[in-house]
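Subject: Structure for your review

Dear colleague,

Please find below the structure that I promised to pass on, followed by an account of what was found in it. I would be glad if you read the notes with the model open beside them.

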Amino acid sequence: MSNRDEIITELEPIFRDVLDQPNLKLTPESNASNVEDWDSLAHVTLVGAVERRFKLRFTLAELQSLKNIGDMASLIQRKLAK
Amino acid sequence: MLFSSFPYVFVFLPVVVLTYAFAKSKVGARSAQVWLLLSSLFFYGWAKPSNLPFLLGSILCNWVIGRAIASAGIETNRTRLLWFGIGANIAFLFSFKYVNVFLSGLAALHLPGFVLPDLELPLGVSFFSLAQIMYLVDTYQAPETVNSFLDHATFASFFPYVTSGPISRSMEVVPQFKTFTGETSRIELACRGFFLFVLGLGKKVLLADAFGRIADAGFTPFSHYSTLEAWVFCLAYAFEIYFDFSGYSDMAIGSAWMLGIRLPINFNAPFRSKSMSEYWQRWHMSLSAFITHYLYTPILRSMGRRATIGKSCVAVIVAMSIAGLWHGPSLTYIFWGLINGAALAVNQVWRRKKKRLPGALSWAVTFAFVNVTFVFFRSPTLEFAFHFLRQMLPQTDLLGVSALRGLIPFAPNLLWRPIIAGSFLAFFGKTSTELAESDIFTPPKAFATAVLLVLGALCMNTSAAKTFLYFAF
């Protein structure tokens, strides 16, 4: 099972591809307000891409509770552990 | 009971806050919560006790459906129950908002023996119905968050937001009835809440109502204005609704802070936005969060796992049109939602082109467009709205002021001071929430709070004080 930092490393190429920012660096604190072009469409696209990569499905309530990349990585970690 | 009224400010709020604090520290959290529930029901029934059964019925039904969703073992049953619950809330809301329109049409046919029933809109039905839908969706997806009856009744009827929001989630509010989780002490949060409440009161009775007098004079049928006048009246309405609703929200959030409960903020200086997307992240934020999470995202995700710009444009236009319809059974509201959705779609396409306008120009375009949307929001009919918009375009009478002259001699101090103060506050300086979060424990701020409270109390006592605009929804 991946730990949170490894998951963030795996998320980075997905975010770079969707947001079209080849040099994007993700940290646990990265969120829609401090990452350029992360709008509602990009968010849904990112969620779809992450779901495909990790073969899981987020619920609306889970998506709404995410405040930053750290939260997303922790959620993925929990879902993978089930 | 209006937030900006003597019974609320000087009797209801102090009695509820002090008794709640006493009960919580000396008797227990559960007893304090029962007090809060009874206070909220008293607040809701104050103006029209006959509305109470609708709120209580909504609480009971949604609590029962929520329990059924959480305890149903089979996924298909859970899904059916969720859709039944969502459908029931929408039917409940629509029966008040739209059946009257349909029945009025029937009454116009003069059918023999047909009597038009009284389906007057219960206060806050649009807001608490959305909160109930959010609760059911959250319970479906996280059954462990299901409420006890006391928790659900206290959450749904909570007096700071029951009439006009901020639209809040059960899972964020209910835990705060049990334990205080703030970074500051409860007393400090209560002081900040009082400060925020007084700022909101000032926004409402000193600013919004003054702008409202100008807007009311301008949005009258068969009016003919110069371009300048049409813009002045339109801007007056934009400032009126901003200070009215953000003032209301400050008072709601401030009241909740006084009880040690944090609510989502609703406004963050929206008129400073440089795009429509940014505007909707700053205007009526609890509604736009609902639209994003419970309308736009599910609509877009239902179109397939791969989201595209085309699908997103369709989803945002549909979601905003539904939001327009939520405001009322009028073509003007639907058109308001439609043009906001279209603007957000254009904004998304523009962002992907990676072309940026200069900051001042993008602000000017955004603010001008927001004003256009408000013309639809304020106008009684689409025909009136288009007539008004034509007058906002350059025309032969560009700078005439004959209609404005009729307003100027009328209590000029009552109008000019709020206009200057309001125009500054909307565009510059800290927002009321930022001010309330900053260092408020200084003699100048204490003095300013006292002055604002006295001024607010004086204006509450005048005939100029109006009810909150969003009470109509």
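**Backbone in the loops**

K55(A) is found in the loop between α2 and α3 of chain A, where helices (H or I, at least four residues) and strands (E, at least two) are DSSP runs numbered from the N terminus. This is a predicted model, in which local features need pLDDT of at least 70 and side-chain atom pairs count only at pLDDT 80 or more, while totals for chains, interfaces and linings use all residues. Residues are numbered from 1 along each chain as its sequence is written, chains are lettered from A and ligands numbered from 1 in the order in which they are written, and side-chain values use heavy atoms, with hydrogens and water left out.

Although K55(A) is not a glycine, its phi is positive, at about 55°, and with 77% relative accessibility the residue counts as exposed (buried means under 20% relative accessible area, exposed over 50%, partly exposed in between, with a 1.4 Å probe and protein chains only). D20(A), in the loop between α1 (4-19) and α2 of chain A, is likewise a residue other than glycine with a positive phi, near 55°, and it counts as exposed at 54% relative accessibility. In chain B, a cis peptide bond with omega of about 5° joins G165(B) and P166(B), and P166(B) sits in the loop between α7 (149-157) and α8 (170-178).

**Where the chains meet**

Chain A and chain B each give 23 residues to the contact (heavy atoms within 4.5 Å). Between them they bury about 2,200 Å², 48% of it on carbon and sulfur atoms; buried area is the accessible area, with a 1.4 Å probe, that two parts lose on being put together, summed over both. L41(A), L60(A) and Q64(A) supply 32% of the area that chain A buries against chain B, more than any other three residues.

Five salt bridges are counted between chain A and chain B, a salt bridge being a side-chain nitrogen of Lys or Arg within 4 Å of a carboxyl oxygen of Asp or Glu. One of the pairs is R352(B) with D39(A), whose closest N and O atoms are 3.2 Å apart. On the side of chain A that touches chain B, the elements that give two or more residues are α2 (40-54) and α3 (60-65) of chain A, and α2(A) contributes the largest share, nine residues.

R356(B) lies in the loop between α14 (331-353) and α15 (359-378) of chain B and is exposed, with a relative accessible area of 55%. Leaving aside its neighbours within four places in sequence, R356(B) is in contact with E36(A) and D37(A). The side chain of R356(B) makes a polar contact of 3.5 Å with that of E36(A) and another, of 3.3 Å, with that of D37(A); a polar contact is a pair of N or O atoms within 3.5 Å, where within protein one must be able to donate a hydrogen and the other to accept it, and residues adjacent in sequence count only if both atoms are side-chain atoms.

**Inside chain B**

Eight of the nine residues of α7(B) are buried, so this helix is largely enclosed by the rest of the structure. Its buried residues pack against α2 (29-45), α3 (52-71), α6 (125-141) and α8 of chain B. D151(B), buried at 9% relative accessibility, forms a salt bridge with K178(B), the closest N and O atoms being 2.5 Å apart. Because D151(B) lies in helix α7 and K178(B) in helix α8 of chain B, the pair ties together parts that are 27 residues apart in sequence.

K204(B) has two salt-bridge partners to inspect: D209(B), at 2.9 Å from N to O, and D244(B), with the closest N and O atoms 2.8 Å apart. K204(B) and D209(B) are buried, and D244(B) is buried too. The bridge to D244(B) links helix α10 of chain B with helix α9 (residues 186-218), 40 residues apart.

With kind regards
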